[in-house]
Structures are given as structure tokens and as C-alpha cells.
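Work through the exercises below with the sequence and the model side by side. Each task is followed by a solution in steps.

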Amino acid sequence: MGRRTLIVGNWKMNGLIETAQEFADAILTGLSARAGRFVQCEVVICPPATALYVLNQRLGGSSVKLGGQNISEHESGPHTGEICGIMLRNVGCRFVILGHSERRATCGEDNETVGRKMAAAFRDGLQPIVCVGESLEERDLGRTLEVVEGQIEALIPYLPVHAAKRPLLVLAYEPVWAIGTGRNATPEQIQEVHGFIRQRLEGELGADAQKIRILYGGSVKGTNARSILALKDVDGGLIGGASLKAADFLAIIDAVPEKF
Ligand code: PEP
């Protein structure tokens, strides 16, 4: 059995209660009209934390799953402004995005922090979607694989002891220079990094590496999704801008190829 394609919408700091409700209604209508295609892929929406409750009311019980955009590494306690994994679970989340480049750049999240947060996600029963990727400067210096390797290696000590849980990890390769810029990595550039990640995972985890989904993120839209999602080691997409409107997001779901 192949890896089931995963399409994740990252709304970042966009979306109020009303727009979230409208989105939920539109996505449910759109997906029910595409029942066959939807079976082929898993769909997750990661709105701001303030919209999770209402989205859970609308989407709970449907096949559309919810995720958060970050968690604290702590379980509870005096961490003003933070949200822990149990709280995300409490509002229906199954997934959480971790180590997004915007957080690495502006919130001081380094590889170790991201590793600890990944461990917290597993501890709290969430599937972590861990973002990795190089800056434009690092790519231009020919350091892409080295940077990504460092980001992946830092996660290894934080993986669950129970080997059966490890395939629940999701990785997202997001070249920083392609996020929100309209600039696309070429299919060759994407497959090169995804293939490399799979190989590194194999070195560490053996056969389980074949079960871990590796998403691509960076200006994915309905118009370029088909060629990206068809790549051998691309198991789905992490979608920013094009996840804000249901029609744009559905266009990406329509581009999911039949891989198995
Ligand atoms: C993202 O934020 O993870 C992302 C990939 O954004 P965009 O699709 O807008 O480039």
C-alpha cells in the first residue's frame, strides 16, 4: 500500500470566525462533489488557534481534519501566551505544523527546539508536520542538502521510542525562497531534496522511512500542483496562500494524482 497523499492548508495569521465558517461550508460542499478523489487523499486545515473551535464544530465528524500551527514543548503551566498539544487535541486537532521557516526566522526556533516540540506532539497524541528547508543564500552556496540533513538529523533523538509511532511523522520540505513568493522550485530540485530526505530517513529508520510522508510547500497552486504532486517522493503539499480560499484549495485537491 502506498503513502496516502496529504494536503495541508496553513492559514498562518489569516481568518476570522466568519471566514472560517464560510470556508468550512464551501470545502464540505466541494469535497462531497468529489467523493472519489477525496478518498485518495487526506485533507487537513491548520487555521489560527482562535478559529479551531468553530471549525471543529463545523468539520468535526467529517473527513476533513484539523491541525494547529505550533505548540509549546511543555504540557501545561506558567507559559503565558503558549498553547500545548493537549489544548489542540481538546479542540479537535490531529496534526500540528512545527518548525515553519517563519517561526524559525522570527521566533528563534532552532533545530533543537523543533525536535523538543516534535517529541511533545507525539507525547500529546498529535501528528507532527515538521518543516525543513534552505534559504536562498544557502541554496546559492550549494548548501541545500547539508542544511536539510542537519534539520532532519536533529529530529532523530526526539523520535518516539515505540517504532510503530514513527511513521506518523510528516515532514514538509519548504525552500524558504519559494514560500509566499510565487517562485517555484523546479520538479528536479524538489525530487532531489525529497529523495535525499527519504534516503537519510532510511539510514536512520530502515523500512519505516517508506511510510513517512514528505510534503512539498512553496507557492503550490492549482496550476502547478499536478506536476509537483506526481513526483516519486512527494506525498502531498503544505499550502499557504492557496489554502485561504476554498476554490483555490479544491483546485489543488483536484490535482492529486492516483499513485496507488
Ligand atoms: C507555507 O506557508 O507553508 C507555504 C508553503 O506558503 P505558500 O504556499 O503561500 O508559499
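**Exercise 1. The ligand**

How far from an oxygen atom of the ligand does a backbone N or O atom of G180 lie?

Solution. The model is a predicted one, in which local features need pLDDT of at least 70 and side-chain atom pairs count only at pLDDT 80 or more, while totals for chains, interfaces and linings use all residues. Residues are numbered from 1 along each chain as its sequence is written, and side-chain values use heavy atoms, with hydrogens and water left out.

Step 1. The distance for G180 is 2.6 Å. A polar contact is a pair of N or O atoms within 3.5 Å; within protein, one must be able to donate a hydrogen and the other to accept it, and residues adjacent in sequence count only if both atoms are side-chain atoms.

Step 2. G240 places a polar backbone atom 2.9 Å from a ligand oxygen. N10 uses a side-chain N or O atom, at 3.4 Å from an oxygen of the ligand.

Step 3. On its own the ligand has 290 Å² of accessible area, and the protein covers 95% of this (Shrake-Rupley method, 1.4 Å probe; for residues, only the protein chains shown count as cover).

Step 4. The ligand has 14 residues around it, of which K12, E174, G180, S219 and G241 come nearest (a residue is near if one of its heavy atoms lies within 4 Å).

**Exercise 2. N10**

Find the strand that holds N10, and state whether N10 is buried or exposed.

Solution. Step 1. N10 belongs to strand β1. Helices (H or I, at least four residues) and strands (E, at least two) are DSSP runs, numbered from the N terminus.

Step 1. N10 has 5% relative accessibility and therefore counts as buried. Buried means under 20% relative accessible area, exposed over 50% and partly exposed in between, with a 1.4 Å probe and protein chains only.

Step 2. A polar side-chain atom of N10 lies 3.0 Å from the backbone nitrogen of K12.

**Exercise 3. Aromatic rings**

Which residues do ring pairs link into a cluster?

Solution. Step 1. A ring pair is described by the distance of the centres and the angle of the planes. Rings of Phe, Tyr and Trp (its six-membered ring) pair if their centres lie within 6.5 Å; planes under 30 degrees apart count as stacked, over 60 as edge-to-face and the rest as tilted.

Step 1. The structure has three aromatic pairs. One of them is W11 with F23, edge-to-face at 4.8 Å centre to centre and 80 degrees between the planes. W11 is in the loop between β1 (5-10) and α1 (17-32), and F23 is in helix α1, twelve residues apart. Both W11 and F23 are buried.

Step 2. F23 and F249 have ring centres 6.2 Å apart and planes at 45 degrees, so this pair is tilted. F23 lies in helix α1 and F249 in helix α11 (residues 246-254), so the pair ties together parts 226 residues apart in sequence. F249 is buried, as is F23.

Step 3. The cluster consists of W11, F23 and F249, linked by ring pairs.
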